[in-house]
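I opened the notebook to follow an annotated site into its surroundings and then to look at the sheet and the helices packed on it. The entries below keep the order in which I looked things up.

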Amino acid sequence: MTGTATLQDAYDDAVAHLSRAGSPTPDLDATLLVEHTTGMTALDRLTGPERALSPRQHQALRTAVARRMNHEPVHRIIGWREFYGLPLSLNGHTLVPRPDTEALVDLVIPFVRRRVEANGKCRVLDLGTGSGAIALAIVNQVPGATAIGSDISLDALDMARRNAQTLGLSDRFQPLHSNWFSDVRGRFDLIVSNPPYIPTATIPTLDPDVRDHDPLAALDGGTDGLNAYGTIAARALPHLAEGGRIAVEIGKGQRAAVAGLFAAAGLQVDASARDLGGVERAVLFSA
Ligand SMILES: C[S@@+](CC[C@H](N)C(=O)[O-])C[C@H]1O[C@@H](n2cnc3c(N)ncnc32)[C@H](O)[C@@H]1O
């Protein structure tokens, strides 16, 4: 890729480079990077493939493609990702929200709706909120719901707060700095969490896109990957309202161990959900 180029040529060139570098989704990556660096969409390319990129735009695209070829995730480069229909901005301290986590939101939304219908409100606590993904998806879907999103990272919380503001949801979303339940006060209709669940020894073997770019605090679940579940299960009950529920995302094959930790704390499995790949990904518990 050198000099100026038409939109179509620049896109084709980006796809070729990304394919050669082993990107599993070169077309999508190229589409997002072209839009990010030029403001021109896939529709612009279809309707005006001969449009010229300015030298500055072309250079910006080349830089972005080089970053992607160096295993930087495309959503880190463009600085946002869509989750449950919401565009969420990211920083270096927030996990890139994953489509798998939408299975957790799908699992809890019917309960949140029922609670709002019955009581006119539903208080949600999202432990380890990161970008705010789960909490913001819930309050966006159910107008009567309110959420506290807690995290140990102040930088992640800052991003979550800004996402709530941008999306016009800040009147129903409150960030809270807390080490799991340490600074949480009161009871909630729903506690939800996608905690770090990767065993420490597995982290060096992860895809570099994840290992080198997602924050370690969002990944590392301790020796067996279950540290956070143990802490959350042991301390959840005093924070659950009458008839409340708690739901967590789990890693592949963790259901039995996680259910065991929650059972020891007096919480039984109510339902579970699979992600798009058919992996059991989310479990809902009640007292
Ligand atoms: C897997 S990420 C999930 C982020 C977001 N909820 C999502 O689904 O995209 C786990 C989150 O837990 C936070 N976290 C890690 N340890 C924590 C702790 N001790 N207390 C509170 N939050 C913690 C991390 O900072 C990170 O934002």
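Helices (H or I, at least four residues) and strands (E, at least two) are DSSP runs, numbered from the N terminus.

I noted that this is a predicted model, in which local features need pLDDT of at least 70 and side-chain atom pairs count only at pLDDT 80 or more, while totals for chains, interfaces and linings use all residues. Residues are numbered from 1 along each chain as its sequence is written, and side-chain values use heavy atoms, with hydrogens and water left out.

Entry on the annotated site. I looked up the UniProt annotation "binding site", which comes from an unreviewed entry and covers Gly128, Thr129, Gly130, Ser131, Gly132, Asp151, Trp180 and Asn194; UniProt positions are given in the numbering used here, feature names are shortened, and annotations may be inferred rather than shown by experiment.

I then checked Gly132, which lies in the loop between strand 3 (122–127) and helix 7 (133–141) and counts as buried because its relative accessibility is 0%. Beyond its neighbours within four places in sequence, Gly132 is in contact (heavy atoms within 4.5 Å) with Ala137 and Ala160.

Helix 7 itself is mostly covered, with seven of its nine residues buried, and I listed these as Ala133, Ile134, Ala135, Leu136, Ala137, Ile138 and Val139.

I traced an open sheet of seven strands in the order 5-4-3-6-7-9-8, with mixed pairing; two strands pair if DSSP finds at least two bridges between them. Strand 5 and strand 8 (268–274) stand at the edges with a single partner strand each, so one side of each has no neighbour in the sheet.

I followed strand 8 to strand 9 (residues 280–286), with which it pairs in the antiparallel sense over six bridges, and found Ala271 opposite Leu284 in strand 9.

Entry on the covering helices. Helix 11 (residues 227–236) lies across strand 3, strand 6 and strand 7, running at about 175° to strand 7; axes are lines fitted to C-alpha atoms, for helices over the stretch in contact, and angles run from 0 to 180 degrees between N-to-C directions.

Terms used
Buried means under 20% relative accessible area, exposed over 50%, partly exposed in between (1.4 Å probe, protein chains only).
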